[in-house]
Amino acid sequence: MWLFGSKKVTLKDSGIFEGFTDWHSHILPGVDDGIKTMEDALAVLEEYQRLGFKKVWLTPHIMEDYPNATEDLKKRFEELKEAWKGNVEIALAAENMLDNMFEERLGKNDFLPIGKNGDHLLVETSYYTPPFAMDEMLEGARKKGYNLILAHPERYRYMEEKDYKKLKEQGVIFQLNLLSIVGAYGETARKKAEWLLSKDMVDLLGTDIHRLENTLAHLDINIPQKDVEKIIGRLSMAPHI
């Protein structure tokens, strides 16, 4: 039930998470800067089940700071699947930094793609500077048959309106961090998130959860009803991937 009668509502109480698919999370335990233990991972999934989540994509970092091997991530995922007895569906992919490691993996076609057809890649860049040869890396992935999903575009301080428009013209899908709307990443990211929503550039939503307590705290922040309505409108038009 959507609570559109009041001027403000929290994300937690808005009903937005009923049947929600989280396209970006760091729940796979002990592999990056996200959730550290199996116990904590199960606690996150239990809370997501209470909120009404339908599916969660586990997207651990693959980058020079966290050089996770594909087989190691698959093994850890199987351990989590064995331990999780709830109704929220979990699936494994990765958040791929556009760095030297990405270029190496591109040469080997060694990726954990996201989406039911296995032909999408979730990618990210530094928050402050564009990667060297970014266009070439994106084009290389396309030539391998992948469609690109850019994680949390609102968090890239170096990107301007023209950069977002260029990426959309290239067919890049944008995945917004839901908590950006409530200021979890600062005022600049919040304003960019609102702008991207206003221009209908948002395609997918994710929590990008790293710590359960921090996420729950932001879910209790009141936001304008119009913002929730805009988010729900984007959810209804999410691409089927």
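Modeller: Helices (H or I, at least four residues) and strands (E, at least two) are DSSP runs, numbered from the N terminus. By that count, the protein chain has 8 helices and 11 strands. This is a predicted model, in which local features need pLDDT of at least 70 and side-chain atom pairs count only at pLDDT 80 or more, while totals for chains, interfaces and linings use all residues. Residues are numbered from 1 along each chain as its sequence is written, and side-chain values use heavy atoms, leaving out hydrogens and water.

Colleague: Where does Thr215 lie, and is Thr215 buried or exposed?

Modeller: Thr215 lies in helix 7, which covers residues 212–219. With a relative accessible area of 5%, Thr215 is buried (buried means under 20% relative accessible area, exposed over 50%, and partly exposed in between, with a 1.4 Å probe and protein chains only). Leaving aside residues up to four places away in sequence, Thr215 touches Leu179 and Ile209, where a contact means heavy atoms within 4.5 Å.

Colleague: And helix 6, which of its residues are buried?

Modeller: In helix 6, the buried residues are Ala189, Arg190, Lys192, Ala193, Trp195, Leu196 and Leu197. Their cover includes helix 5 (161–169), strand 9 (173–177) and helix 8 (225–236). Just after helix 6, Asp200 takes a positive phi of about 55 degrees.

Colleague: What should helix 6 span?

Modeller: The expected span of a helix is 1.5 Å times one less than its number of residues, and for the 12 residues of helix 6 (residues 187–198) that should be 16 Å, which agrees with end C-alpha atoms that are 16 Å apart.

Colleague: Which residue stands opposite Gln175?

Modeller: Ala151 stands opposite Gln175, and the place of Ala151 is in strand 8. Ala151 counts as buried, at 0% relative accessibility. Not counting residues up to four places away in sequence, Ala151 touches His24, Glu95, Leu122, Val123, Glu124, Tyr156 and Gln175. Ala151 and Leu121 are 30 residues apart in sequence, and their C-alpha atoms are 9.8 Å apart in space.

Colleague: Changing topic, what is the order of the strands in the open sheet?

Modeller: The order is 2-3-5, an open sheet of 3 strands with parallel pairing. Strand 2 (21–22) and strand 5 (89–92) stand at the edges with a single partner strand each, so one side of each is left without a neighbour in the sheet. Strand 2 pairs with strand 3 (residues 55–58) over 2 bridges, and Lys55 in strand 3 is the bridge partner of Thr21.

Note on methods
Pairing = 2+ DSSP bridges.
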